[in-house]
Amino acid sequence: MYNRDKVIPGIIIFVLFAAFPIWWGHGKSVPPPKPELPKGKCVESKEYMRAHHMQLLNIWRNKAIREGMRVYVSSDGSRYWIGLQNGCMKCHHDKSKFCDRCHTYAAVKPYCWNCHIPPETKEFKPPKRSALLKLFGIPERLTGNSSHHEYEEH
Amino acid sequence: MKRRDLLKLAGLSAVVAGGVPGFLNKEVKAREYTPPPGALTAKRWGMAIDIRKCWEHPECRDCIKACHHIHNVPEIPEKKKEIKWIWKDEFEHAFPDQPNEFNDVLLQGKPFLLLCNHCEHPPCVRVCPTEATFKREDGIVMMDYHRCIGCRFCMAACPFGARSFNWVDPRPYIREFNPEFPTRMKGVVEKCLFCYERLEKGQIPACVEACKHKALIFGDLEDENSEISRVLRSRFSIRRKAELGTGPSVFYLIG
């Protein structure tokens, strides 16, 4: 075999590199997430909600928006107002202490909060300048993307 | 392996591959959905705008402020990117089908209040590829923002310019938001929804409630005894671009 002294170490380095996630995390365990549960009971059992909340939310948004069915009658006969901001989050006061804990752990990024406003939100942040504009130092006013702070002046 | 055994094995594998049969799955038993109690309902919601009352108070923007605050509509200074649910424009823009040089003079500087017309035959609904916009039984041309893919066919189809597109993230442009209502995100079309979320709670639309001069009348066009039907029977009214056949449900009382 030609270049044995280069090829073999090369293969070893490659295997180590490719297996990086395995040996780096070996023997360690990440503690399971502990979402903060509000007092009282949810619309369905904890086990059901844990396994099926996403299906339920998906059905809810179709029922509420498309069919006008705003009220959910749960398996024990209680009635609940359907809504994320006006339903779920009235008990689950803090998205970061409830939703995010498991979602971060499971590395899922639901896009609910692109539009829905988490209850802990106080204000929205001013518009961000794009990285490219910053890199070349182009002032915002030249792009026609003037922020609302400038608007307040006139 | 015998042929018979192979077939048995294949059948068994098919059952296993097909997943656990539904009846073994522990699901929630009763799942029922009902419309909200106490909601305002109608056969065909409509609005009449007493534009003469509007003209008596040219500075008044109460309806616009109320609507835009309640629905988290951003104030984007740039005209090309602005979002509007209810707004004012002049006669020749609102009614371009009525060319009349004398009217133009007569009505110069007189604003018309414009919003989604909630048409009987909405062209925006016909073109929407995802059914994100659809017509409800009560006549409201509804939007399901979850489904909008931002193709803007509806904007091209709407003859009234009632739809706005979010070219940028609207959130930074909302000064005081209403935590009861969501915002929209970049890449989504939005418009007036006749306050479906208030009707569900038994409230009239925000603009109608906010108008202290009672220039906006909201009600059921198919109910003979509703205030709006009586007003429309007794006074002369016009609709925007009625000749297009979309059947607008917003009427302007001019007589």
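**View 1. Strand 1 (residues 71-73) of chain A and strand 1 of chain B run antiparallel and are joined by 3 bridges.** In this predicted model, Tyr72(A) has Tyr33(B), in strand 1 of chain B, as its bridge partner.

**View 2. Thr34(B) lies in strand 1 (residues 32-34) of chain B.** With a relative accessibility of 17%, Thr34(B) counts as buried, because the cut-off for that class is under 20%. Leaving aside residues up to four places away in sequence, Thr34(B) touches Met69(A), Arg70(A), Val71(A), Val73(A) and Arg79(A).

**View 3. The interface of chain B and chain A buries about 3,800 Å² between the two chains, 55% of it on carbon and sulfur atoms.** In chain B, the residues that lose the most area to chain A are Tyr33(B), Arg171(B) and Phe177(B), which together account for 19% of what that side buries. The contact draws 42 residues from chain B and 45 residues from chain A.

**View 4. A salt bridge joins the side chains of Asp144(B) and Arg66(A), with an N to O distance of 2.9 Å.** Across the interface of chain B and chain A, 3 salt bridges are found, and 15 residue pairs, both members at pLDDT 80 or more, are in polar contact. On the side of chain B that touches chain A, strand 1 and strand 6 (141-143) of chain B each supply at least two residues, and the largest share, 3 residues, comes from strand 1 of chain B. By residue class, this side of chain B divides into 21 nonpolar, 5 polar and 16 charged residues.

Conventions:
Residues are numbered from 1 along each chain as its sequence is written. Chains are lettered from A and ligands numbered from 1 in the order in which they are written. This is a predicted model: local features need pLDDT of at least 70, side-chain atom pairs count only at pLDDT 80 or more; totals for chains, interfaces and linings use all residues. Side-chain values use heavy atoms; hydrogens and water are left out. Helices (H or I, at least four residues) and strands (E, at least two) are DSSP runs, numbered from the N terminus. Buried means under 20% relative accessible area, exposed over 50%, partly exposed in between (1.4 Å probe, protein chains only). Contact means heavy atoms within 4.5 Å. Buried area is the accessible area (1.4 Å probe) that two parts lose on being put together, summed over both. A salt bridge is a side-chain nitrogen of Lys or Arg within 4 Å of a carboxyl oxygen of Asp or Glu. A polar contact is a pair of N or O atoms within 3.5 Å; within protein, one must be able to donate a hydrogen and the other to accept it, and residues adjacent in sequence count only if both atoms are side-chain atoms. Ala, Val, Leu, Ile, Met, Phe, Trp, Tyr, Cys and Pro count as nonpolar, Asp, Glu, Lys and Arg as charged, and the others, Gly among them, as polar. Two strands pair if DSSP finds at least two bridges between them.
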